[in-house]
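User: I would like to learn how to read the features of a model like this one. Could you take me through them one at a time?

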Amino acid sequence: MPLTLRSNRSTLTQFLIEERRRFPSASGDFNALILDVALACKGIAKAVAYGELAGVMGNHSAEEGGTVNVQGETQKTLDVLSNDVFMRRTEWSGNLAGMASEEMDDPYQIPKLFPRGNYLIVFDPLDGSSNIDVNVSVGSIFSILRAPQDVIDSGRDVVDTDFFQSGSQQVAAGYALYGPTTMMVLTVGGGVNGFTLDPNLGEFMLTHPKMHIPEDTHEFAINASNSRFWEAPVTRYVDECLAGKTGARGKDFNMRWIASMVAEAHRILMRGGVFLYPRDTKDASKPGRLRLLYEANPVGMIMEQAGGRASTGEMPMLDVLPTSLHQRIGFVFGSKNEVDRIERYHREPLKAEEKNPLFAERSLFRD
Ligand code: F6P
């Protein structure tokens with residue numbers, strides 16, 4: 001019997017409808033929005049899967065409208081295409097009051113020909129896109145917020161500050177991973193569930209219910225080429241991991257770095273681990289590499305909902321109040337006990353050998 005007919009798994013649609021039954025007053029708008037996002041991700045998955053055959057590899061050309069996004073990063077053709085797919089699939093439904101994306105300087109206004117709704121969506125349409133040309137897994141990340149009440153009441157255009165809500169206010173968050181299989185991992189606040197795209201049916205099927213991150217791990221991920229820019233607590237943590245059995249931790253660690261955060265987040269969700277892209281001294285204008293609103297907050301919510309943790313290194317990520325749309329931030333996430341330990345190292349006073357003037361300026365605990 002064909003694989004697809006044998007399956008008795010829930011589809012994403014079925015899962016959402018069954019979840020909604022627990023909230024009889026819910027309108028269904030929210031589910032419709034998630035399904036629009038899922039459709040956008042299926043479209044992006046197809047474009048990614050066709051690769052060179054679709055003629056969508058390489059950098060976005062100047063003739064097509066530009067080459068560099070608001071982050072100063074070179075835009076890939078697929079970045080621009082994925083952004084467009086996300087916008088078009090979600091703008092029409094009447095569920096959104098506005099959106100913001102890594103690829104757009106300013107918030108995007110829902111065109112006047114469509115009704116406006118109660119939610120805001122913030123997304124990174126293709127995270128890790130520098131990996132696209134070398135056929136390594138990439139992903140899309142999204143965060144859904146409730147629009148401020150006056151936006152809902154007035155239907156006015158959205159402004160940056162409407163999106164300045166802490167991660168703990170997210171209504172839902174998720175990512176799609178375009179790997180050997182396409183997956184969508186979603187939280188609507190009651191745990192984390194993973195869905196695998198059945199290519200025959202074109203449906204996301206619930207394959208990973210109630211995902212849970214082990215509290216302990218012996219695997220860490222960091223871009224070690226930045227080590228000379230790290231702050232002392234990060235150096236201490238990594239040194240102890242590298243010392244393995246012979247050091248303070250008394251166990252050997254393994255290291256991974258894919259340079260594709262969605263892929264790293266997924267690995268950690270599946271088997272534990274810790275990821276660090278900490279604040280460092282590399283570039284004073286960038287307090288961290290990753291973006292708060294559409295990378296750290298959604299991945300942070302997923303981690304916390306799966307029993308893991310997400311932190312800036314110093315405080316819970318989901319407590320941070322954003323101050324700009326494309327704000328960068330140090331990001332540490334994964335197995336709870338490791339993230340707790342990294343936060344503790346940031347709180348403990350520095351030892352004499354760690355009091356390097358390079359770090360003193362930014363250390364919270366300088367004396
Ligand atoms: O934010 C983009 C991103 O590609 C992440 O997915 C990834 O974790 C990180 O940047 C990689 O950065 P680097 O190139 O410094 O290793």
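Analyst: Start with how helices are named: they are DSSP runs of H or I of at least four residues, numbered from the N terminus. Glutamate 19, for instance, is part of helix α2, which covers residues 12–20. Keep in mind throughout that this is a predicted model.

User: Is glutamate 19 buried, exposed or partly exposed?

Analyst: Buried means under 20% relative accessible area and exposed means over 50%, with partly exposed in between. Glutamate 19 has a relative accessible area of 22%, so it is partly exposed.

User: How far is the C-alpha atom of glutamate 19 from that of valine 188?

Analyst: The two C-alpha atoms are separated by 9.4 Å, while the residues are 169 apart along the chain.

User: How should I read the fold as a whole, and how many helices and strands does the protein have?

Analyst: Begin with the secondary structure, then turn to overall dimensions. The protein has 10 helices and 14 strands. Its radius of gyration is 21 Å, close to the 21 Å given by the globule rule for 367 residues, so the protein is as compact as a globular protein of that length. The C-alpha trace spans about 65 × 50 × 45 Å along its principal axes.

User: What share of the residues counts as buried, and what share of the contacts joins residues at least 24 apart?

Analyst: Of the 367 residues, 54% count as buried. For contacts between residues at least 6 apart in sequence, 66% join residues at least 24 apart.

User: What do the surface and the charges look like?

Analyst: The accessible surface comes to about 16,200 Å², and 52% of that belongs to carbon and sulfur atoms. As for charge, there are 38 positive and 47 negative side chains, and the centres of the two sets lie 5 Å apart.

User: How do I read a loop residue, and where does asparagine 95 lie?

Analyst: Asparagine 95 is in the loop between α4 (77–91) and β1 (96–101). With a relative accessible area of 5%, asparagine 95 is buried. Beyond residues up to four places away in sequence, asparagine 95 touches Asp29, Ala32, Leu33, Gly117, Asn118 and Tyr119.

User: Which residues does UniProt annotate as "binding site"?

Analyst: Such a record gives positions, and the model then shows how they are arranged. An unreviewed UniProt entry places one "binding site" feature at Glu102, Asp124 and Leu126. These positions are spread over 25 residues of sequence but cluster in space, with a largest C-alpha distance of 9.0 Å. The "binding site" annotation in the unreviewed UniProt entry also covers Asp124, Asp127 and Glu295. Here the spread is 172 residues of sequence, yet the positions cluster in space, the largest C-alpha distance being 8.5 Å.

User: Where is glutamate 295 found, and what does it touch?

Analyst: Glutamate 295 belongs to helix α8 and is buried, with a relative accessible area of 1%. Not counting residues up to four places away in sequence, glutamate 295 touches Asp124, Asp127, Ile141, Met261, Leu290 and Phe331.

Notes. Residues are numbered from 1 along each chain as its sequence is written. This is a predicted model: local features need pLDDT of at least 70, side-chain atom pairs count only at pLDDT 80 or more; totals for chains, interfaces and linings use all residues. Side-chain values use heavy atoms; hydrogens and water are left out. UniProt positions are given in the numbering used here, feature names are shortened, and annotations may be inferred rather than shown by experiment. Helices (H or I, at least four residues) and strands (E, at least two) are DSSP runs, numbered from the N terminus. The radius of gyration is taken over C-alpha atoms; the globule rule is 2.2 Å times the number of residues to the power 0.38. Buried means under 20% relative accessible area, exposed over 50%, partly exposed in between (1.4 Å probe, protein chains only). Contact means heavy atoms within 4.5 Å. Accessible areas come from the Shrake-Rupley method with a 1.4 Å probe; for residues, only the protein chains shown count as cover. Lys and Arg count as positive and Asp and Glu as negative; His and the chain ends are not counted. The place of a charge is taken as NZ of Lys, CZ of Arg, CG of Asp or CD of Glu.
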